[in-house]
Amino acid sequence: MELEKEKLKLLDLSISDFSVLGFGGLFCLVWAAGLSLQLPMRTKFIAVYFVGISGFRLIWEAFTLSGFVYRYPEFYSLPVPFLYLIGPSILFYYEKLSGVENWKMSYSHFIPVAIVFLPLFYWIGLNSEQKLLSVQSILNGNWKYKYGIFILWIIGPKISILIYTLLIAFRQSGEGALAIQLLPEKIRIFSITLLIYILIMIIADILGYALGNKLLYRYSAWSHTFAAILVYLYSRLNPYSMLEISGAIKTARYSRSKLINFDSNEAILKLNHLMGNESYYADEDLRLSTLAEAMNMSSHQLSELINVHYQMSFI
């Protein structure tokens, strides 16, 4: 009986939710297709994925909030693990904009993505009645045992986006924040406004599912559509904005660098000589400070040199 009432309640909103969110989803997918034909290979894949997965997310929200999820609950959980890739993709795109060539993301970023497939396997094993009850419990904020795990599973991608956004803003002594300050005024104002808007949207979504407040996560979903359209229109009116952002990130990274006025090529040759000819690599107790002293540079400079040129940390 409760499930039937929930069906009717959601179906009352089906036209507005399905129209707005469905349109937003298709809009992002068409936008992603256009980007695949326009962008250079260096940034194409991650930009297309980022916009495309946003489109799939909106279609999933349309499917859920329109009430169709109660007819086909088996499809509700299928996209969730892939949404966890949005957070790492933000970091990856940021690094590409910074101009770092051959930057490779640590596999540790993808461990959570692998783990979140486990609830999906559990979901597939449920029968139709159990899936319907699980959907109702998730949307109503029922934190009883396994339903609480499902709620965390659903809001996990938004938490991941929030973490990665803050990580970029405050990493390397505020490199991301400095990049925003270096932007031209109009782009800076738009970027800050958009970031605040997105943060509010993410927090509303998390609180909505945590508290079982449908108004909040519905507002968040609708806001996603509006944000996508806003960013698209701004990019059309300001076609060079991404170049400005890329330049600001590069300038911020360079200004924070400990390698300014430092001959990196000579240092790399000396490091290779030490490691290859003098067998420093065979010393299991080798410390960063010891190697830095041999190269006549600070530990911080050597650490950055290894990180930038070898995409790895000193261990």
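Biologist: Where is alanine 204 placed, and why does it count as buried?

Modeller: In this predicted model, alanine 204 is placed in helix 10 (residues 185–211), a helix being a DSSP run of H or I with at least four residues, numbered from the N terminus. Its relative accessibility is 8%, and buried means under 20% relative accessible area, exposed over 50% and partly exposed in between, with a 1.4 Å probe and protein chains only, so alanine 204 counts as buried.

Biologist: What does alanine 204 touch, not counting residues up to four places away in sequence?

Modeller: Alanine 204 touches Leu216, Tyr217, Tyr219 and Ser220, where contact means heavy atoms within 4.5 Å.

Biologist: Why is the pair of tyrosine 122 and phenylalanine 150 called tilted?

Modeller: Ring centres must lie within 6.5 Å to pair, using the six-membered ring for Trp, and planes under 30 degrees apart count as stacked, over 60 as edge-to-face and the rest as tilted. Tyrosine 122 and phenylalanine 150 are 6.1 Å apart, centre to centre, with 45 degrees between the planes, and therefore form a tilted pair.

Biologist: What makes this pair a tie between parts of the chain?

Modeller: Tyrosine 122 lies in helix 7 (residues 117–124) and phenylalanine 150 in helix 9 (residues 145–181), so the pair ties together parts that are 28 residues apart in sequence.

Biologist: How do you know whether phenylalanine 150 is buried or exposed?

Modeller: Its relative accessible area is 2%, so phenylalanine 150 is buried, whereas tyrosine 122, at 42%, counts as partly exposed.

Technical notes:
Residues are numbered from 1 along each chain as its sequence is written. This is a predicted model: local features need pLDDT of at least 70, side-chain atom pairs count only at pLDDT 80 or more; totals for chains, interfaces and linings use all residues. Side-chain values use heavy atoms; hydrogens and water are left out. Helices (H or I, at least four residues) and strands (E, at least two) are DSSP runs, numbered from the N terminus.
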